[in-house]
Amino acid sequence: MAPACDLRLINATIVTMDAHFAIFKNAALAIAGDSIVAVGPGADAYECADTVDCRGRVVMPGLINAHTHVPMTLLRGLADDLRLDVWLMGYMMPVEREFVDPDFVRLGTKLGCAEMIRSGVTCFADMYYFEDAIARATADAGLRALCAQTVLRFPTPDAKSYEDSLALARDFIERWRGHSLIVPAPAPHAPYTCTPEILRSCAELAAEFDVPLHTHLAETAFEVDQSRREYGMPVVPWVKKQGLFDAKVLAAHCVHVDEGEIRALKNFNAGVAHNPTSNLKLGAGIAPVAKMLELGVDVGIGTDGPASNNDLDMFEEMRLAALLAKGVSGDPTALPARDALAMATRLGARAMHLDHLTGSLEPGKRADLIVVDLDRLHNVPAFERDPDAIYAQLVYASKSTDVVDVMCNGAWLMRDRALLTLDEEALRHAARDAARRIDLFLTSREVSVLQKLVAVGGAIEQESFEVQVKARVASEAPLLAVLAGKAVTVVKSSRYHQYDTYWSFEDPDQGWLRYREDEFLDRDGKVAGARARLTLTGRTREAEFGAVLLFRSRYLAPAAHSARFYREYFRPAAEHLVEKDRRRWLLVYRGVEFYLHLDRLINPPSDGFFIELKSRTWSRRDAQDKATVINELLALFGTSPDDTIRDGYVTLAAGR
Ligand SMILES: [Zn+2]
């Protein structure tokens, strides 16, 4: 009696993508339950009630998207053409902090799954927050995925601390382990957003449950420079030192790796996800994939998150991978179409450590496959002479819209381009709703520089009032004499070299935003340390007591990013630079604490010195009293009210 199966696809061109790149023409493929039981001539022997005629069509493995953040479909088009840090820290992370919850990721995942099924993807590697909800939505949609729960060193939408997110990852892995479609994993986000301890703990967790580990490695040249500066070595050896490769690693990007690092990736059996569109769009560079393949690394292809791509189209991605490799090497034989398709199928599965399940059409593997219509205008004609021509056809000419049927784990997810597990119309509607809410949030925060400062994270909203006076002095001698005498008590003193960048805005009421880099100088005038701070100063003077002014609205924030980051994020109307040497004393005079600054301006260049006296205050009455004391001090320093200047250094710098 002939063996039985549940379904037979017949009369197909079967592109198996197995290790021998076997192709069967006018052939059949037999499926029983969730698995492939026979491919090619052997499949004819199977008896089966259900048959699908695939004349004029290619049956091939479902494509594998080896790296994405699928719920970010809801953030695509939100902020584009920005540098990676401004895009990530200025827009993505603030919006994520505000909006990302289980409902958000569920909707984003369904939308992403619908898009991926439509374009022939049957398996993807994800990394995001609330991964449990993502896994649930993915399993309901019927797709296969490596779902990796993100762990970062700072708070995330789903965890207050990294200990919490590690616990979350453990719990998630325990609950989803052994699922027919979902492989759970931990995802230490990247070396620069994790601590050595997080990398180690995640690797241990992955090894304990024998699941893969998903991460980002060496995405930008900046990341590698930073690693060299801080640890004296590039990214791959450093994470190796933290024990990361004790786990089965899937590393996204690896754009900036040298040959030694590529060999290390190979030795540790780490898979790489190449993300050509995302790397190009964010200006990260082009990964040396031809070299990686030559050295035997398993390199898959990923779209990365739809906020940096902006779609999940793997046909586009594999075509770009092939073209880029030729373009950068000047060698048209580099990364032929067949290898690009292998990256998007079997090698992607290997990179994800899921090749025992999927990635090629072979008996024993799960029935994850797609049917591609080669009868479309742009696919015609086709040649028979070169058996490999089919690969060029699929990679260079075919489009994701040529995919007509999609099957995953033996179940149809799309037939004749109709989705069977998801409601497209409802998803479109809900996604537009979500976008409206996000638009509103971003619009409201753009109202003021302060709101933008708070939104970028880490900003301490701290309003303070202070009385202050600035005066020009020809010599420092009288002042130093007073400090050496008995009239004032010096509590502490310090010395700095300060670089101030002042930004002003179209609307002058926004005030000035100052980015200050302080270099502490030791007794010998050598740099002993540095810090950077942001201060937003309102322009309004609350009151004037002679030359002494009362200011308010100063908001301080530690400057976690570079001046360049803030310039691109705030887009000021004008910028002015001030550089000075500052000696600073905390002193007590008549029971009142003052800060005294003695400044020598280097830029804009200026003769003599400036002194600045300031004190925190709480009420107008207190300010009035302190103003009186300040005037006495000025007299002691030999300064007359005529020497005082009303405006700050920035006004000098601005030439006003
Ligand atoms: Zn990514």
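This note goes through a predicted model point by point, from its overall dimensions to its zinc site and a few single residues.

1. Basis. Residues are numbered from 1 along each chain as its sequence is written, side-chain values use heavy atoms with hydrogens and water left out, and the model is predicted. Local features need pLDDT of at least 70 and side-chain atom pairs count only at pLDDT 80 or more, while totals for chains, interfaces and linings use all residues.

2. Overall. The C-alpha trace of the protein spans about 110 × 50 × 45 Å along its principal axes. Its secondary structure comes to 20 helices and 28 strands; helices (H or I, at least four residues) and strands (E, at least two) are DSSP runs, numbered from the N terminus. Of the 656 residues, 56% are buried. Buried means under 20% relative accessible area, exposed over 50%, and partly exposed in between (1.4 Å probe, protein chains only).

3. Strand β7. Eight of the eight residues of β7 (residues 121-128) are buried, so the strand is largely enclosed by the rest of the structure. Strand β6 (residues 63-68) pairs with β7 in the parallel sense over four bridges, and Thr-68 has Asp-126 of β7 as its bridge partner. Strand β8 (residues 144-151) also runs parallel to β7, joined by six bridges; here Ala-125 is partnered by Leu-146 of β8. Two strands pair if DSSP finds at least two bridges between them.

4. The crossover. β7, helix α3 (residues 131-141) and β8 make a right-handed β-α-β unit. Right-handed means that, with the strands pointing away from the viewer, the path from the first strand over the helix to the second runs clockwise.

5. Helix α2. The 17 residues of α2 (residues 102-118) should span 24 Å at 1.5 Å a residue, and the end C-alpha atoms are 24 Å apart, which agrees. The expected span is 1.5 Å times one less than the number of residues. At the start of α2, a side-chain oxygen of Asp-101 reaches to within 3.1 Å of the backbone nitrogen of Asp-103. Just after the helix, Gly-120 takes a positive phi of about 85°.

6. Buried residues of α2. Among them are Phe-104, Val-105, Leu-107, Leu-111, Met-116 and Ile-117. Thr-109, also in α2, counts as buried at 0% relative accessibility. Its C-alpha atom is 8.9 Å from that of Leu-74, 35 residues apart along the chain.

7. Zinc site. His-67 (NE2), His-69 (NE2), His-216 (NE2) and Asp-304 (OD) coordinate the zinc ion at 2.1 to 2.4 Å. Donors are N, O and S atoms within 2.8 Å of the metal (3.2 Å for Na, K and Ca); water is not among the atoms, so sites may look incomplete. The four donor atoms subtend angles of 87 to 171°, which makes the arrangement irregular. Four donors count as tetrahedral if all angles lie between 85 and 135 degrees; four count as square planar and six as octahedral if opposite donors are over 155 degrees apart and all others between 65 and 115; anything else is irregular.

8. Zinc donors in the chain. The donor residues are spaced H-x1-H-x146-H-x87-D. His-69, in the loop between β6 and α1 (84-99), and His-216, in strand β10 (residues 212-217), are 147 residues apart and link distant parts of the chain. His-69 is buried at 9% relative accessibility, and His-216 is buried at 5%.

9. Pro-387. This residue lies in the loop between β14 (369-373) and α14 (389-397) and is exposed, with a relative accessible area of 55%. Pro-387 and Ile-23 are 364 residues apart in sequence and 8.2 Å apart in space, C-alpha to C-alpha.

Definitions and conventions:
Polar contact = N/O pair within 3.5 Å; in protein donor to acceptor, adjacent residues only side chain to side chain.
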